[in-house]
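Please look over the model shown here. A short report follows.

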Amino acid sequence: MVQVKIPTPLRKYTAGAGSVEAQGATVTALVDDLERRYPGMKARLCDESGQVRRFVNIFVNGEDIRFLKHLETPLKAGDELSIVPAIAGGH
Amino acid sequence: MSYVKGLRCRECGGETPVAPLHVCEICFGPLEVVYDYAAIRRVLTHEAIAARPRNLWRYRELLPLDGEPRVGFHSGFTPLVRADRLAAALGVDELWVKDDSVNHPTFSYKDRVVSVAISKAMEFGFDTVSCASTGNLANSVSAHAARAGLACYIFIPDDLEQGKVIGSTIYGPRTIAIRGNYDDVNRLCSEVADKYGWAFVNINMRPYYTEGAKTYGFEVAEQLGWRLPRHIVVPTAGGTILPKVAKAFRELRDLGLAQGDFKIYSAQAGGCAPVVQALHKGTDLITPVKPATIAKSIAIGNPADGFYVLKAVRESGGWGEAVTDEEIVSAIRLLARTEGIFTEPAGGTTVAVTKKLIDQGRIPRNEPIVVSVTGNGYKTLEAVLDTVEQPFRIAARLTDFDELYARLAGGREANAV
C-alpha cells in the first residue's frame with residue numbers, strides 16, 4: 001500500500017482523513033484506485049484529458065512527479081504520495 | 001467601506017464569499033478578489049488619491065480590505081528614479097527605475113503584499129501569522145507582525161545564510177528551520193496551515209496578499225503623471241508581481257485614471273527560467289526546473305502563478321529573457337555605478353534582461369522604459385563579494401596617500417575605490 005497525503009480541499013471525499021492508503025503500480029493506477037475508494041477524487045486531480053490539473057502538484061517520496069515519469073512514475077509498497085495545491089512564491 | 005464583492009477562481013470562474021481560502025474548491029485554481037468597479041469609479045479620482053498620505057493605502061479602494069488598514073503606513077510609494085546615466089549606458093532615450101530596494105520597513109517589494117496580507121489577517125481575527133520563506137518574505141512578515149503585536153512563525157530551510165536568518169529573527173518570530181529544501185518547507189507549511197488555523201500570508205491569505213503587488217504598478221503610473229509605461233521589465237519568481245502589475249495598469253485604464261498602452265517583459269535568471277523557457281517555446285505548459293543561480297530570491301523552480309505571467313506577457317505583446325549569473329552581477333555593478341542604487345541579484349536580473357531586450361531590438365531605444373528593482377543589495381553581499389575591488393591599504397601618512405594618488409591618477413584608476 002502507498003500512503004497518500006490529502007490536502008484540506010479534498011478531505012470531504014475522505015471523511016476528513018488527512019492521510020489514506022491506496023494502491024497502484026503507477027501514479028495513474030493509484031489515482032484510479034483513489035477514485036474507486038473515494039468517488040469524485042479523480043476529477044479534482046485530473047482534467048478531462050486525464051492530465052494532472054495545472055494547479056495540483058503530486059510528489060512521490062518528496063520528489064515532484066514532473067521530475068520523475070509524470071503519471072507513469074512507478075510506485076511500490078511503503079512509498080508516500082503527497083497531493084499539494086500550488087503555493088505562491090515565498091522567497 | 002468595502003468594494004470587494006467576493007472571490008472568483010481564475011481557472012473555472014467559480015465564485016465564493018470572502019474567506020481565508022486560497023484555492024478553488026472545484027479545480028484547485030487560484031482565487032482572486034472581485035471588486036465593484038462601478039462603485040470604485042464614482043469615488044476614486046486623481047484628486048482623491050493626491051490628497052492621501054504617500055503610502056500604498058492611497059489606492060485602498062482597489063485593495064481587498066473591508067475596514068481600516070492595520071499596518072503598512074510607511075510602506076510603498078517608493079521612488080521612481082529617472083535614470084539618465086543608466087539610459088546612456090544602455091543606449092536608450094528614457095529610462096526609469098522603480099526602486100523598492102528602499103521600501104519600508106524591510107527593503108523589498110514584499111512589504112507591499114505583507115501589509116495587505118497582515119491587515120486582512122487581522123480583519124479575519126487571526127492572532128498568529130506565518131510563512132514559508134528563504135528571505136525577503138520572512139523578513140517582511142516578521143517585521144510587520146512585530147509592529148502589529150501578532151504571534152509569528154517563520155519556516156525556513158535549515159541551510160540558509162546567516163544574514164537572511166537574522167533579518168527575520170531580530171524581529172522576534174518563532175523561527176523553525178526544516179531539514180530539507182524550500183519545496184519541503186512549503187509542503188510542510190500547507191499541512192501546518194490546514195491543522196493550526198494560522199494566517200499563512202502566501203497560502204490562505206494569498207488572494208489578498210497578491211493584490212498588494214498591484215500598488216507597485218499603481219505607483220509607477222501615478223509617478224509618470226498617470227501615464228502607463230510603454231515598456232516595463234519585471235522579475236519573475238513564483239509569478240506574483242508581474243501579472244498584478246499588468247492588472248494594476250488595466251484597472252487604472254478601465255477606471256479612466258491612466259492612459260496608454262504597455263508591454264510587460266519577464267526577467268529570469270538562466271539557472272532558473274521555467275517561465276521564460278515556456279514563453280520562448282510558445283507553450284502554456286511550464287516545466288519545473290531545479291534552480292541553480294545566485295539570484296536566490298527569485299529561484300523558484302516550480303512557479304505557482306507562472307501560467308499567469310505567460311498570459312500577461314503575451315496579452316501585452318511583451319516578451320521575456322534569461323541571463324547568466326555573470327550578467328546579473330555585472331548589471332548589479334552597472335546600476336550601482338550609474339544610478340547609485342544597490343540591488344540584490346533579482347534586481348540585477350531585471351537590469352541585465354532589460355539590456356538584453358534592448359540589444360535584441362525587442363525594446364526600442366526611443367520609447368520610455370521602466371526597470372523594476374524589487375530588493376536590496378545590502379541583504380545579499382555574498383553575491384558581489386568576489387567581484388568588488390578591495391580597499392587600498394596605506395598608513396595614516398600624507399606621503400603614503402600622495403604616492404597612492406599619483407599611482408591611481410597616473411594609471412587612470414581614479415574611479416577604483
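A residue is buried if 20 or more other C-beta atoms lie within 10 Å of its own, exposed if 12 or fewer, and partly exposed in between, with C-beta atoms placed from the backbone. This is a predicted model: local features need pLDDT of at least 70, side-chain atom pairs count only at pLDDT 80 or more, and totals for chains, interfaces and linings use all residues. Residues are numbered from 1 along each chain as its sequence is written, while chains are lettered from A and ligands numbered from 1 in the order in which they are written.

**Chain B**

The domain assignment, automatic or from a database, divides chain B as follows.

| Domain of chain B | Residues |
|---|---|
| Domain 1 | 4-72 + 110-209 |
| Domain 2 | 80-106 + 213-383 |
| Domain 3 | 388-417 |

Between the centres of domain 1 and domain 3 of chain B lie 50 Å, taken over C-alpha atoms.

Phe218(B) sits in helix 9 (residues 214-223) of chain B. Helices are DSSP runs (H or I, at least four residues), strands likewise (E, at least two), both numbered from the N terminus. Phe218(B) counts as buried because 24 other C-beta atoms lie within 10 Å. Contact requires C-beta atoms, placed from the backbone, within 7 Å. Beyond its neighbours within four places in sequence, Phe218(B) contacts Tyr59(B), Ala248(B) and Leu252(B). Leu257(B) is 39 residues from Phe218(B) in sequence, and their C-alpha atoms are 9.9 Å apart.

**The A-B interface**

Chain A brings 21 residues into contact with 39 residues of chain B. On the chain A side, strand 3 (56-60) and strand 5 (80-85) each supply at least two residues. Strand 5 of chain A gives the most, with three residues.

Technical notes:
Contact = placed C-beta atoms within 7 Å.
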